[in-house]
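Visitor: Could you walk me through this structure and show me the reasoning behind the words you use?
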Amino acid sequence: MKWEVVYSKIIEGIRKYFNKSGFKKGVIGVSGGLDSAITAFLTAEAIGRENIIPLFMKAKFTSLQSQENAYELCKRISVELIEFDITDIFDKYLEKLSKKFIIKRIEIPEENLQARIRANFLMYVANKEKALVIATGNRSEILTGYCTLYGDTVGAIAPIGDLYKTEIYELTKWINKTKGKVIPSSIIKRPPTAELNKDQLDENELLPYRILDPILKLYVDEKKNKEEIIKAGFKKEDVEKTLSLFKSTYYKRIKLPVIVKLR
């Protein structure tokens, strides 16, 4: 991909969507991770920094590094971060739910609950400010269903939804080289994590993105079958896991926000 072209297409796509929708402001959940950082920057470029409302919503498993990353990003792109602590709300939910359900540890339902609490905050602020929520998901997450329906997938448009995670790193490198170092190195170097559970890392639950993305490209973009992908040099178990994730999460993909098409 030519990153200058990708950058321009995303900016144009965001602007067109806002113009057609009649909105001027965008609300973004800024987590301290790369996807939300690059989405916030691109949206600010498209509709103006004065129209961006970034929210940082820390919870039980949110690290201090995430908080510092979020504030540093907003400082670099000249927007004011709004912070909420959702820990007590999450605890209240668990207290209520535990009266009917046995909750021994934080598992997928409890992880998703945190994301959906954040979605409520994003939608409230969007309604209050007459704004649109901007989704921050990438193509790797979308194709494997590594996202929470009605949680981090909430939003009107997903600017980077057609970019694989490995491509986002490349776009970030180009942006920092041509637009100034707007994305902090602490965000770029940090292993991707949803921070919905203790010691959670994306690549432990999926596969390393350097393996996952090429498999997805071969299967989804190039229409190769399982046997052809394995012959291309990938481990059978990695291919089977990736294809299983893709096939089992169709119900999520059809409900996700509009993405800016790049392919």
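Guide: Gladly! Please keep in mind that this is a predicted model. Let's start with helix H10, residues 209–221, whose buried residues are Tyr 209, Ile 211, Leu 212, Asp 213, Ile 215, Leu 216, Leu 218 and Val 220.

Visitor: What do the buried residues of H10 pack against?
Guide: They pack against five helices: H6 (139–144), H7 (165–178), H9 (202–205), H11 (226–231) and H12 (236–248).

Visitor: Let's take H7 and H10. How do their axes lie?
Guide: The two axes come within 8 Å and cross at roughly 110°. Angles from 65 to 115 degrees count as roughly perpendicular, so H7 is called roughly perpendicular to H10.

Visitor: Which residues of H7 and H10 meet?
Guide: From H7 there are Lys 165, Thr 166 and Glu 167, and from H10 there are Tyr 209, Arg 210, Asp 213 and Lys 217. Sorted by class, this contact has five charged residues, one polar and one nonpolar.

Visitor: What follows H10?
Guide: Lys 223 comes after H10, in the loop between H10 and H11. Lys 223 is not a glycine, yet its phi is positive, about 60°.

Visitor: Why is Lys 223 called exposed?
Guide: Its relative accessible area is 66%, and exposed means over 50%, so Lys 223 is exposed. Asp 199, at 67%, counts as exposed by that cut-off.

Visitor: What makes Glu 227 partly exposed?
Guide: Glu 227 has a relative accessible area of 45%. Glu 227 is in helix H11. Between Glu 227 and Val 239 there are 9.1 Å in space, C-alpha to C-alpha, and the two are twelve residues apart in sequence.

Visitor: Now for the rings. How many aromatic pairs are there?
Guide: The count comes to three aromatic pairs. One of them is formed by Tyr 7 and Trp 174, with ring centres 5.4 Å apart and planes at 50°.

Visitor: Why is the pair of Tyr 7 and Trp 174 called tilted?
Guide: Ring centres must lie within 6.5 Å to pair, and planes under 30 degrees apart count as stacked, over 60 as edge-to-face and the rest as tilted. With 5.4 Å and 50°, Tyr 7 and Trp 174 are therefore a tilted pair. Tyr 7 is in helix H1 (residues 3–21) and Trp 174 in helix H7, so the pair ties together parts 167 residues apart in sequence. Both residues are buried.

Visitor: How do you know that Phe 84 and Phe 121 are tilted?
Guide: Their centres are 5.0 Å apart and their planes stand at 55°, so this pair is tilted. Phe 84 lies in strand S3 (residues 82–85) and Phe 121 in helix H5 (residues 108–129), so parts 37 residues apart in sequence are tied together. Phe 84 has 28% relative accessibility and thus counts as partly exposed.

Visitor: What sits over the ring of Phe 246?
Guide: The charged end of Arg 253 does, 4.0 Å from the ring's centre. The distance limit for a charge over a ring is 6 Å, and 4.0 Å is within 6 Å.

Methods:
Residues numbered from 1 in each chain as written. Predicted model: local features only at pLDDT ≥ 70, side-chain atom pairs only at ≥ 80, totals over all residues. Heavy atoms only, no water. Buried < 20%, exposed > 50% of the residue type's maximum accessible area, 1.4 Å probe, protein only. Helix = DSSP H or I, 4+ residues; strand = E, 2+ residues; numbered from the N terminus. Contact = heavy atoms within 4.5 Å. Axes fitted to C-alpha atoms, helices over the stretch in contact; angles between N-to-C directions. Parallel < 35°, antiparallel > 145°, perpendicular 65-115°, else oblique. Nonpolar A, V, L, I, M, F, W, Y, C, P; charged D, E, K, R; others polar. Phe/Tyr/Trp six-rings, centres within 6.5 Å; stacked < 30°, edge-to-face > 60°. Lys NZ or Arg CZ within 6 Å of the ring centre and 35° of its normal.
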